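Student: Can we go over the salt bridges in this one? Show me the model and start anywhere.

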Amino acid sequence: MFFNLAACSLSLLVLLQCWTLLVCGFRLTPSYQPHQNRALTLFSSTSEDDARCYGPLSSTFTELSDEMGGSGRAAVIWDCLRAGIDPNLYYRNDSGIDSSDKAIVESWLEAMSADFDANDISLTKNDLLGKRRDQGLGADALSRLQKLMKQCRSSAACADDSVTESIHTIENSIGSISHIKVSADGTTKLLLRLARGYEVESVIIPWLDKGFSTVCVSSQLGCAQACRFCATGKMGKMADLTAEEILCQIYFANKVCRIVSSIAAAGDSATTLPPCDNVVLMGMGEPADNAVAVVRAVSTMADRRMFSLAQSKITVSTVAPNPSAFTTLGSSPAALAWSVHAVDDSLRKELVPTTKFSMEELKEGLVEALKSRSKKLRRTMLEVALIDSVNDSEKDAKLLISLAQSIMTDVEGSKVVVNLIPFNDIGHPTYRTPSMEKVLGFQKIITDGGVLCYVRTTRGDEENAACGQLATSRSK
């Protein structure tokens with residue numbers, strides 16, 4: 001492995017932050033490509049034509065218990081996965097440490113220009129797990145787990161199926177870290193290389209004053225919605241991610257947070273990433289276009305026996321390709337966010353050219369979805385990429401007020417928040433970022449109209465790293 005690090009300055013608002021941040025930094029040489037074996041027992045055909053395996057991350061707890069021969073074994077596996085630890089390695093050697101852990105330590109220290117010896121950092125079994133730490137997995141359980149990993153690996157359509165490994169792991173069967181970029185404030189962007197050859201981006205956003213981090217994850221590689229202001233939309237849709245591939249982004253985020261925390265524990269207190277406590281599906285892709293995989297992944301995130309995230313701390317954002325998208329995504333245990341961008345139908349069609357339904361039709365879809373949800377999940381966010389002299393007029397603001405108020409009127413116990421995202425340059429010939437004076441003026445109109453409104457702080461746009469600029473490119 002070799003490492004090539006860079007850093008930039010990024011700062012984002014909690015739960016209101018999404019997409020963003022270009023990956024550069026250290027590079028882990030992609031070393032694992034699965035071979036083909038179609039003897040599968042658990043399948044998901046939700047993402048593309050070929051069948052996909054539900055592996056240890058995306059199997060329900062009951063499915064995993066059945067595969068492993070007991071719920072106790074499944075719980076031990078999830079004690080590992082929740083912390084970003086590969087149980088296939090943890091229970092097979094004395095230290096229980098993945099060989100890539102030290103590489104992450106070294107790259108983080110270099111990125112933060114920390115005067116600290118990586119060899120002084122101790123990563124031991126006793127530091128990693130909770131009450132089931134000493135329970136272990138016997139030979140039968142490890143054999144069952146290997147069988148499941150092999151199925152997961154063989155289900156991927158891989159670029160190179162000639163490589164074989166003696167142990168099937170998360171890294172050689174699902175995905176591995178390819179690049180990391182760490183900003184001055186600790187915001188960390190991950191580029192993951194999936195076993196089937198694709199690379200996908202996610203970001204860890206630390207909130208040191210609050211003691212937790214937010215993870216922004218992708219649901220697709222590219223996007224078919226073609227929003228005019230978004231670099232991802234210019235890519236087109238290249239692939240759906242499986243539930244396993246969506247969840248491995250959280251697995252690796254937890255892994256990085258755990259390892260970086262060990263650096264702080266070893267004495268470098270200025271360097272830390274708090275545990276991941278929030279997840280936003282606002283990265284690459286349109287969740288509604290990959291809804292079955294997204295709903296399954298979110299269910300795993302919220303399951304108290306698995307990732308154990310609070311439902312209110314998971315947010316799924318959609319442009320709403322059709323009214324039923326809200327109901328479909330609303331079946332997941334997460335808050336909903338709607339990428340509106342404009343309430344006027346003709347203007348929205350200009351900004352989101354794949355739009356096929358009126359805003360009234362889409363609003364009714366959201367209303368029906370919210371009515372069927374528990375009151376604690378009736379909070380929703382209306383997102384607007386604010387573009388100078390395009391959708392930032394007083395009329396646009398008042399239309400947003402009317403939309404938000406009509407939703408709250410129609411859905412008892414609902415709360416609507418408007419999230420303004422100043423446009424970030426993607427090389428569009430006419431779109432420009434509005435002045436902060438105009439953004440704040442737009443916000444004031446909305447708040448004066450009785451609707452809560454936030455402005456998302458933008459950082460990293462000089463690195464093509466800000467909201468809407470994500471396009472799976474690498475810094476040289």
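Student: Which residues are linked in a network of salt bridges?
Tutor: Glu360, Lys363, Glu364 and Asp410 are linked in such a network. A salt bridge here is a side-chain nitrogen of Lys or Arg within 4 Å of a carboxyl oxygen of Asp or Glu. This is a predicted model, in which local features need pLDDT of at least 70 and side-chain atom pairs count only at pLDDT 80 or more, while totals for chains, interfaces and linings use all residues. Residues are numbered from 1 along each chain as its sequence is written, and side-chain values use heavy atoms, with hydrogens and water left out.

Student: Is lysine 363 buried or exposed?
Tutor: Lysine 363 counts as buried because its relative accessibility is 6%. Aspartate 410, at 32%, counts as partly exposed. The cut-offs are under 20% relative accessible area for buried, over 50% for exposed, and partly exposed in between (1.4 Å probe, protein chains only).

Student: How many salt bridges does the count come to?
Tutor: The count comes to 21. One of them joins aspartate 101 and arginine 258, whose closest N and O atoms are 3.8 Å apart. Aspartate 101 lies in helix H4 (residues 100–111) and arginine 258 in helix H8 (residues 243–265), so this pair ties together parts 157 residues apart in sequence. Both aspartate 101 and arginine 258 are buried.

Student: Back to H13. Where do glutamate 394 and lysine 398 lie?
Tutor: Both are in helix H13, 4 residues apart, about one turn of the helix. Glutamate 394 is partly exposed at 47% relative accessibility, and lysine 398 is partly exposed at 45%.

Student: Different topic. Where is confidence lowest, and where highest?
Tutor: Strand E1 (residues 26–27) has the lowest mean pLDDT, 34, and H13 the highest, 98. pLDDT is the predictor's confidence in each residue, from 0 to 100. The chain averages 80, and 74% of the residues score at least 70.

Student: Over which residues does pLDDT stay under 50?
Tutor: Residues 1–51 are one such stretch. Residues 459–466 are also below 50. Where pLDDT is low, the predicted coordinates should not be read in detail.

Note on methods: Helix = DSSP H or I, 4+ residues; strand = E, 2+ residues; numbered from the N terminus. Contact = heavy atoms within 4.5 Å.
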